[in-house]
Amino acid sequence: KLKPSSWSADFRRKKMASGQLSRAEALARSGCRHACHVMLYSSTKAQLFGRSPIKHIILMQMRFDGLLGFPGGIVDPSKETLEAGLTRELLEELGVAIPISVEDHVETYYAPASSPSPSQLILHFYVKKMEEEQIMELEKAAASTAVDHGEEVLGMVRVPLYTTKGGVGLPAFLSHSFIGNARSQLVQSLLRLNLVSSWELHKALTHSLRIHA
Ligand code: GTP
Ligand code: MN
Ligand code: MN
Ligand code: MN
Ligand code: MN
Ligand code: MN
C-alpha cells in the first residue's frame, strides 16, 4: 500500500508527464512564452424555446483562424503579472477590463511546439464566474467597442450545454475545431464545476465523434 506522501509524489510525476505544472514552476522557467486564457461563465434562468433550461452561459470565441478558443492571449511576465496581462487581453478582445486574480487560476500546461502553434508555450488557464447581466454587457462590448473585434476575434459564442433529441447541441459544439487544448479545458471545466453531469458529458463526447464520421 502506498503512503500518502509517495502517492502525491506519484500524482506529481503523472501531472508532469501530462505537461501540467504549477503557476510558480512555470514562472521560474526562462525562455518560454506564456499565454493566459479564461473561461467566463454565469448561471442563467433562461430556457431554450421557453422549455429546456439553458442553466449556464459559457463564453468562447471564434478566432481569426477559424478555431474556437477562450478569450485571452500572450503575456510577458517580465512586463506585467499573468493576471494583469490577462485583464489587458480581455480589454482588447472583449472591450471590458475584467479583473482576474491569482485565485481564478485553475491550471498551467507546458505545450510543446506543434502546428498550428509553431512555438513552445506555457498555457495558463483561469475560470471566473460572473453575473448574467455582466456576461450580456461583455457580449455587447465584444461586438462593438472591443478593438480586436473583426480582426483577432470574429465573435463571442455561447456553449450549448444540452443535448437535443436529435443528438446535437453540446455534441455538435464539441465536434468543431479548437485551438490548442481549449476543447479539453472546456470539458474539464464542465466536469470540475459540475455544469454538465459526467454521464451526459461522456455521451456528448461519444456523439461528437460520430458527427463528422
Ligand atoms: P496576438 O495579440 O495576435 O499575439 O494574440 P493573443 O495575444 O490574443 O494570443 P492568442 O489568444 O492567440 O493565444 C496565443 C496562443 O495560445 C495561441 O497561438 C494558441 O497556441 C494558444 N491558445 C489560444 N487560445 C487558447 C485557448 O483557449 N486554450 C489554450 N490552451 N491555448 C490557447
Ligand atoms: Mn428562430
Ligand atoms: Mn489578443
Ligand atoms: Mn487571444
Ligand atoms: Mn496579444
Ligand atoms: Mn493582439
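Strand 5 (56-63) and strand 10 (153-158) run antiparallel and are joined by five bridges. Strands here are DSSP runs of E at least two residues long, helices are runs of H or I of at least four, and both are numbered from the N terminus; two strands count as paired if DSSP finds at least two bridges between them. The model is a predicted one, in which local features need pLDDT of at least 70 and side-chain atom pairs count only at pLDDT 80 or more, while totals for chains, interfaces and linings use all residues. Residues are numbered from 1 along each chain as its sequence is written, and chains are lettered from A and ligands numbered from 1 in the order in which they are written.

As for confidence, the protein chain has a mean pLDDT of 91, and 90% of its residues reach 70 or more; pLDDT is the predictor's confidence in each residue, on a scale from 0 to 100. For the complex, the predictor gives an ipTM of 0.96 and a pTM of 0.91. The protein chain is built from seven helices and 10 strands. Of its 213 residues, 26% count as buried, meaning that 20 or more other C-beta atoms lie within 10 Å of the residue's own; 12 or fewer makes a residue exposed, anything in between partly exposed, and C-beta atoms are placed from the backbone. Among contacts with a separation of 6 or more, 64% are between residues 24 or more positions apart. A contact here is a pair of residues whose C-beta atoms, placed from the backbone, lie within 7 Å.

Back to strand 5, which has other partners too. Strand 2 pairs with strand 5 in the antiparallel sense over four bridges, and S43 has H56 of strand 5 as its bridge partner. Strand 6 (residues 68-69) is also antiparallel to strand 5, over two bridges, with M62 bridged to L68. The hairpin of strand 5 and strand 6 has four residues between the strands, and G66 takes a positive phi near 85 degrees there.

L68 turns up again in a link across the sequence. S177, in the loop between helix 5 and helix 6, sits 109 residues from L68 in sequence, yet their C-alpha atoms are 6.4 Å apart in space. Leaving aside residues up to four places away in sequence, S177 touches L67 and L68. S177 still counts as exposed, because it has 11 C-beta neighbours inside 10 Å.

Then there is the core. The largest nonpolar core holds 37 residues, and V38, M39, L40, L59, L86 and Y126 touch the most other members. Such a core is a set of buried Ala, Val, Leu, Ile, Met, Phe, Trp, Tyr and Cys residues joined through C-beta atoms within 7 Å. Strand 2 (33-43), strand 5, helix 3 (82-94), strand 9 (121-129) and helix 4 (132-142) are among the elements that give two or more residues to this core, and strand 2 supplies the largest share, six residues. V38 touches L86 and Y126, and its other contacts beyond four places in sequence include F70, P71, I100 and V127.

Helix 3 has 13 residues and reaches 18 Å from first C-alpha to last, close to the 18 Å expected at 1.5 Å a residue, the expected span being 1.5 Å times one less than the number of residues. Its buried residues include L82, L86, L90 and L94, along with E83, E89 and E93. They pack against strand 2, strand 5, strand 7 (72-75), strand 9, helix 4 and strand 10. After helix 3 comes G95, with a positive phi near 80 degrees.

In helix 4, the buried residues are I135, L138 and A142. Seen down the helix axis, they fall within an arc of 55 degrees, so they line one face of helix 4; the arc is taken over the directions from the axis to the C-beta atoms. Strand 2, strand 5, helix 3 and strand 10 are among the elements covering these residues.

Most residues other than glycine have a negative phi. F49, although not a glycine, has a positive phi of about 55 degrees, and it lies in the loop between strand 3 (47-48) and strand 4 (52-53). F49 is exposed, with 5 other C-beta atoms within 10 Å. K55 is not a glycine either, and has a positive phi of about 70 degrees. K55 belongs to the loop between strand 4 and strand 5 and is partly exposed, with 16 other C-beta atoms within 10 Å.

How values were computed:
Two residues are in contact if their C-beta atoms, placed from the backbone, lie within 7 Å.
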